[in-house]
Amino acid sequence: MESEKIGASEKNAYNMLDEELLSVGRDVILTEARAIEMAAAHIGYELVHAARLVASCRGRVVVSGLGKSGHVGRKMAATLASLGVPAFFLHAAEASHGDLGMVCPDDIGLLISNSGETDEVLAILPYFRRIGARVIAMTGKPSSTLAQNSDISLNTGVEREADPLGLAPTSSTSVQMAVGDAIAGISTKLRGLKPEDFAMFHPGGSLGRSLLTRVSDLMGKGESLPVTRMGSSVREALFEITSKGYGATVVVDECGDLCGIFTDGDLRRLMERMGVTAMDVPVEEGMTSAPRTIDPEKLATEAVRIMEELEISVLVAVDGRKPSGIIHIHEILKAGVS
């Protein structure tokens, strides 16, 4: 009989309308969002004090927790490390069985426990205190043992969890994650981190490519740079365009200074106006004078922005008044920069 009741309950659940289920999902998201908003409203300068401690750490930030708080802790450690703050995650249960040997006096402990009474987390707290390592607590209970025995305590308490039962760590872990990100964000400001510094920690992915790749890394230069002198015929310019494969050639004067750019688009427009006789006129008859240029040391992402803004496909890199290279948007995108 009992199993029949359970079966009927499950059947009713599966028969819920999509609209009802969507409402449940939206309520979870909104409940978590409200919890984060409330955390932002009530948190005080203890957040700044914690971030200053993290940013000035001479050792590593040792993040520790158990269960869902442990999963949040792993992410916090990864975020801090990606921003140049040496950090690692220490599993609270493993710590008491030898892993505490990784913790040094110059380190900072960032201990996470929603209740503030997690046995495994409390068990490692005395070690941090004994060796003189500072401790930041992140807990939902300001009066808890963990909070009362830490240098700085951050209140991540929530009114209720977001899941329909109000039991699973949902709102609480979202707030923990947000507060951890806030510490990381403030630390970024305090340490004066620049985009190029951030890229140094992400050299392998598309982010690193976007932040590290410069125009000079991708541009055609030397023998690959298509160059046509003023007074040359359009026919000669066309040879440079087709042989170098950039769909354009830079046009220079007798001193090698940039005068313009002649593209395959310029060629089409010139021929529409003059017909086949366009092949024998001087290239300056159809070139674009004073073209938009870029410093070869600028990031390739800047070149993409300019090209998209002007709706062009090539840019001339210049050193002073002389062209030093040419870059095509296809080369940039092929390199994984966008």
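This report walks through a predicted model of a protein chain, from its overall build to its charges and surface.

## The chain as a whole

The model is predicted. The protein chain has 338 residues, and 43% of them are buried. It holds 15 helices and 12 strands.

Now look at its contacts. Among contacts with a separation of 6 or more, 64% join residues 24 or more positions apart. The chain exposes about 17,900 Å².

## Salt bridges across the chain

Side chains of opposite charge can pair when their charged atoms come close. How many salt bridges does a search of the whole structure find? The search finds 13.

Start with aspartate 107 and arginine 60. Their side chains form a salt bridge, with 2.8 Å from N to O. This pair links distant parts of the chain, 47 residues apart. Aspartate 107 sits in the loop between α5 (92-95) and β3 (108-112). Arginine 60 sits in the loop between α3 (46-55) and β1 (61-65). Is aspartate 107 buried or exposed? Aspartate 107 is buried, at 2% relative accessible area. Arginine 60 is partly exposed, at 27%.

## Another link, and a network

Next come aspartate 257 and arginine 321. Their side chains meet in a salt bridge of 3.9 Å, N to O. Aspartate 257 lies in the loop between β7 (248-252) and β8 (258-263), and arginine 321 in the loop between β11 (314-319) and β12 (322-328), so the bridge ties together parts 64 residues apart in sequence. Aspartate 257 is buried, with 11% relative accessibility. Arginine 321 is exposed, with a relative accessible area of 60%. Salt bridges can also share partners: Arg129, Arg134 and Asp151 are joined into one network this way.

## A salt bridge within one helix

Lysine 244 forms a salt bridge with glutamate 240. The closest N and O atoms are 3.2 Å apart. Where do the two residues lie relative to each other? They are four residues apart in helix α12 (residues 234-244), which means about one helical turn separates them. An α-helix has 3.6 residues a turn, so residues three or four places apart point the same way.

What about exposure? Lysine 244 is partly exposed, at 26% relative accessible area. Glutamate 240 counts as buried, at 14%.

## A buried aspartate

Aspartate 163 lies in the loop between β5 (152-155) and α8 (171-191). Its relative accessible area is 11%, so aspartate 163 is buried. Which residues does aspartate 163 touch, not counting those up to four places away in sequence? They are Val28, Ala168 and Thr170. Isoleucine 29 is 134 residues away from aspartate 163 along the chain, yet their C-alpha atoms are separated by 9.4 Å.

## Packing around helix α6

Helix α6 spans residues 119-131. Its buried residues are Val121, Leu122, Ile124, Leu125 and Phe128. What do these buried residues pack against? They pack against β1, α5, β3, β4 (134-139) and α7 (145-148). Just after α6 comes glycine 132, with a positive phi of about 90°.

## Patches on the surface

One surface patch is negative. It is formed by Asp217, Asp295, Glu297 and Asp319. Aspartate 217 is found in helix α11 (residues 215-218). It counts as exposed, at 52% relative accessibility.

Another surface patch is nonpolar. Met16, Leu21 and Val24 form it. Together they have about 220 Å² of accessible area. Leucine 21 belongs to helix α2 (residues 18-42). At 42% relative accessibility, leucine 21 is partly exposed.

## Positive phi outside glycine

Alanine 290 is not a glycine, but its phi is positive, near 45°. Alanine 290 lies in the loop between β9 (288-289) and β10 (293-294). It is exposed, at 69% relative accessibility.

Glutamate 311 is not a glycine either, and it has a positive phi of about 60°. Its place is the loop between α14 (300-310) and β11. Is glutamate 311 buried or exposed? Glutamate 311 is exposed, with a relative accessible area of 75%.

Definitions and conventions: Residues are numbered from 1 along each chain as its sequence is written. This is a predicted model: local features need pLDDT of at least 70, side-chain atom pairs count only at pLDDT 80 or more; totals for chains, interfaces and linings use all residues. Side-chain values use heavy atoms; hydrogens and water are left out. A salt bridge is a side-chain nitrogen of Lys or Arg within 4 Å of a carboxyl oxygen of Asp or Glu. Buried means under 20% relative accessible area, exposed over 50%, partly exposed in between (1.4 Å probe, protein chains only). Patches are made of residues with over 30% relative accessible area and no salt bridge: like charges are joined within 9 Å, nonpolar side chains (Val, Leu, Ile, Met, Phe, Trp, Tyr) within 5 Å. Accessible areas come from the Shrake-Rupley method with a 1.4 Å probe; for residues, only the protein chains shown count as cover. Lys and Arg count as positive and Asp and Glu as negative; His and the chain ends are not counted. The place of a charge is taken as NZ of Lys, CZ of Arg, CG of Asp or CD of Glu. Contact means heavy atoms within 4.5 Å.
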